[in-house]
Amino acid sequence: METNTCKTEASKPWDYVLVVNRHTERERRNIYLEFLENLKGKGFQYEVKDDQKKMFCGIRAESQILDLYCALLLEPEDQHPTQRLTPIPPTTRIRIVHFVLKNTTAAGDTLGDLIKKGVFEAKFPLHNEEGDLKTKWARWRNMFQKQPIDDIRCYFGEKVALYFAWLGWYTYMLVPAALFGLITFLSGFSLFNASQISKEICEAHDIFMCPRGDHSRRYQRLSDTCTFAKLTHLFDNEGTVVFAIFMALWATVFLEIWKRQRAKVVLHWNLYGWDEDQEEMALQLINDPHYKLQRHEHSYLRSTIILILSLFMICFMIGMAHILVVYRVLAAALFSSSAVPFLEEQVTTAVVVTGALVHYVTITIMTMANKRVALKLCDFEKPRTLSEQESKFTIKFFTLQFFAHFSSLIYIAFILGRINGHPGKSVRLAGLWKLEECHLSGCMMDLFLQMAIIMGLKQTLSNCIEYLKPWLAYRCRSIPGCESSDPELRDWKHNYHLNPVHTFSLFDEFMEMMMQYGFTTIFVAAFPLAPLLALFSNLVQIRLDAIKMVRLQRRLVPRKAKDIGTWLQVLKTIGVLAVIANGMVIAFTSEFIPRVVYKYRYGPCREGAHPAVDCLTGYVNHSLSVFYTKDFNDSVRIKGSEHITECRYRDYRNAQDHNFSEQFWVLLAIRLAFLILFEHVALCIKLVAAWFVPDVPQKVKNTVLEKKFQRLRDKYQRLQKMCSSPKSTTV
């Protein structure tokens, strides 16, 4: 059992409040009175206060309930006949009251069922003495100050405190990642005008690209993409590979050092040996002395059904990505025939930008649907405890959210522009619309724009909504009315007017951070500014969450914990996926491999470097395939086709039969070899880093060891005294 390192709140008689509509039906009134009497029979006290429209019922546990809780969780060697039980912290009092309330019934219904039926209107623990957190933590001016983790723990419980401790450490560790990403991005500026590839593209006035759309088709000079070529070089350069490997190492070091930080914090809170199952059973016995142990169970039939339903939902998520593909195809056809000159000239850019906006809206809608589905699947699985329910729900919800967030990015990174066929024989959707192609400057530009727009919207618009929605709701609910003369009732009404919270309120914050962590690590090779955006967002997010919890929301029910639970496994999974995804982006999406192969196999430096010649001279011409305009089925319809005999397109195909050329197969083999090498090197670095940094500091291990030894030595000395005392004789 943990010792109380928190200061005891000033004596306030009530920890929990139930709200009842004053004009409720007589039948419902009898049910809520029965509920309160059942609570009284379990050793709880209540007091009802009338308002004009509501009745507020204050709840508290009597001292014998709290003493029983302490006695149940005392270790045998800690028991002593003269020992006085220390006061338990207010977070534990609230947790006990909440657990018993949740499991108390009236007319066969639990409190949750009674709220759904309208017998009770609301339930919440009371905010009390949160002034220190308001001044030291929940203020925008404290954005760059250290968080009072111990104070958060004493007010909101260990689970909330661990969330903010993790979020603070994550934000701190984003600083080196953001700096490295910014340096990688800015290094492209040093070659903004000096890149040989950009020079060749900007000077390619006599190279015409093949038409890309079905409406208003025309040939486009390659030199028209000069600006985009220079911009692409900002994030598609040699530093990208180094940055991707660095991020793989960073993700591992971040997790390993967090484990050490968690061990220090948990030891400081005296929860290192805390047993969650033991506390759960103690609370069950307090609620019902005749409680029967609920054993672990597993049903293969139930697991099979859940697996099938989960796979169906994943397929549905992938299907949503196909809907986005259809949108992009139809939007390309619409924009190409638009009367707006800009849209007609920048079809691909317009499609990418609007497609990202549609993807963001889809993510927002599917998040609500995914949560409902994950909850239904979790309820069907029948978890044994709340922590087990949360763990199972985490896995299911994260899996669905991952596909909702990243399916479109996977399509852009690895499928877009690779199944389109070639000019003269294009693959069409439903035989009508030509499939969308990558930007003329390469698919990395599409991926960069998609990542930038989605991350930008999620870090700005989502944060604004997250703050403004509860703020406006609180302002509307707390419109001044007839104030009560009873200060206690005024306080209860103030808590009632705050925004309601639910069991998974903290879960939603964790999930939001997991998705951000995914964007920060997965596909970071295409968007090196992701850690920088995440850093700025987190600085705001910490204070935003603090203000919500302290000023705008009802008090969360404190929960005890000694780690972040299943979220640690989620972070490890994202780290592995990041290595695979970034390796595939560098190998198949970026121009890194084709540039290296050209430099040492086909370019002017294949037999040795020449100081006067850039090794990438001629790369642009080499990387574009030739298509003869006479092979178009309807070449007459193409604008400006009178004097053009050939056009170019991004691929490695023969000009005669349009089959893949030798260079394509050489590149494919080298891409696969690089992918295997990159992933093995990155994963080995992760394993070495994980081995090199112990999960638990030696100081923590030694402190725990000393406590165990001290406990055993004290027990040994007591036994020695008992053995050395004179034996009583019987006559």
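A residue counts as buried under 20% relative accessible area, as exposed over 50%, and as partly exposed in between. Phe-660 has a relative accessible area of 32%, so Phe-660 is partly exposed. The model is predicted. Of the 731 residues in the chain, 50% are buried.

**Overall build**

- The chain holds 24 helices and 14 strands.
- Its C-alpha trace spans about 120 × 70 × 55 Å along the principal axes.
- Take the contacts in the chain with a separation of 6 or more: residues 24 or more positions apart account for 79% of them.

**Nonpolar cores**

- The largest nonpolar core contains 130 residues. Phe-156, Trp-166, Trp-250 and Phe-523 have the most contacts inside it.
- Helix H7, residues 158–190, gives the most to this core, with 15 residues.
- Trp-166 touches Phe-254, Trp-258, Phe-510, Met-513, Met-514, Ile-564 and Leu-571. That list leaves out residues up to four places away in sequence.
- A second core of 33 residues is separate. Ile-31, Leu-36, Val-100 and Ile-286 are among its residues.

**Aromatic pairs**

- The structure holds 40 aromatic pairs.
- Phe-660 and Trp-665 form an edge-to-face pair. Their ring centres are 6.0 Å apart, and the angle between the planes is 85°.
- That angle is over 60 degrees, so the pair counts as edge-to-face.

**Second largest pocket**

- This pocket has a volume of about 1400 Å³.
- It is lined by 40 residues. Thr-367, Lys-371, Glu-466, Lys-469 and Asp-508 are the closest to its centre.
- H16 provides the largest share of the lining, 10 residues.
- By class, the lining has 16 nonpolar, 14 polar and 10 charged residues.

**Cavities**

- There are 5 cavities of 30 Å³ or more.
- The largest cavity holds about 230 Å³ of space.
- Its lining consists of 19 residues. Nearest the centre lie Ile-197, Ile-201, Ser-441, Glu-591 and Arg-650.
- Helices H8 (196–203), H9 (226–235) and H22 (619–623) are the elements that give two or more residues to this lining.
- The lining of the largest cavity has 9 nonpolar, 6 polar and 4 charged residues.

**The loop at Val-501**

- Where does Val-501 sit? Val-501 is in the loop between helix H17 (487–497) and H18.
- Is Val-501 buried, partly exposed or exposed? Its relative accessible area is 25%, which lies between the 20% and 50% limits, so Val-501 is partly exposed.
- Val-501 and Leu-556 are 55 residues apart along the chain. Their C-alpha atoms are separated by 6.7 Å.
- Which residues does Val-501 touch, not counting those up to four places away in sequence? They are Gln-553, Arg-554, Arg-555 and Leu-556.

Methods. Residues numbered from 1 in each chain as written. Predicted model: local features only at pLDDT ≥ 70, side-chain atom pairs only at ≥ 80, totals over all residues. Heavy atoms only, no water. 1 Å grid on protein atoms, 1.4 Å probe; cavity = no way out; pocket = protein on both sides within 12 Å on 5 of 7 lines; lining within 4 Å. Points joined across faces, edges and corners; volume = space filled by probe spheres on them. Helix = DSSP H or I, 4+ residues; strand = E, 2+ residues; numbered from the N terminus. Nonpolar A, V, L, I, M, F, W, Y, C, P; charged D, E, K, R; others polar. Core = buried A, V, L, I, M, F, W, Y, C linked by side-chain atoms within 4.5 Å. Buried < 20%, exposed > 50% of the residue type's maximum accessible area, 1.4 Å probe, protein only. Contact = heavy atoms within 4.5 Å. Phe/Tyr/Trp six-rings, centres within 6.5 Å; stacked < 30°, edge-to-face > 60°.
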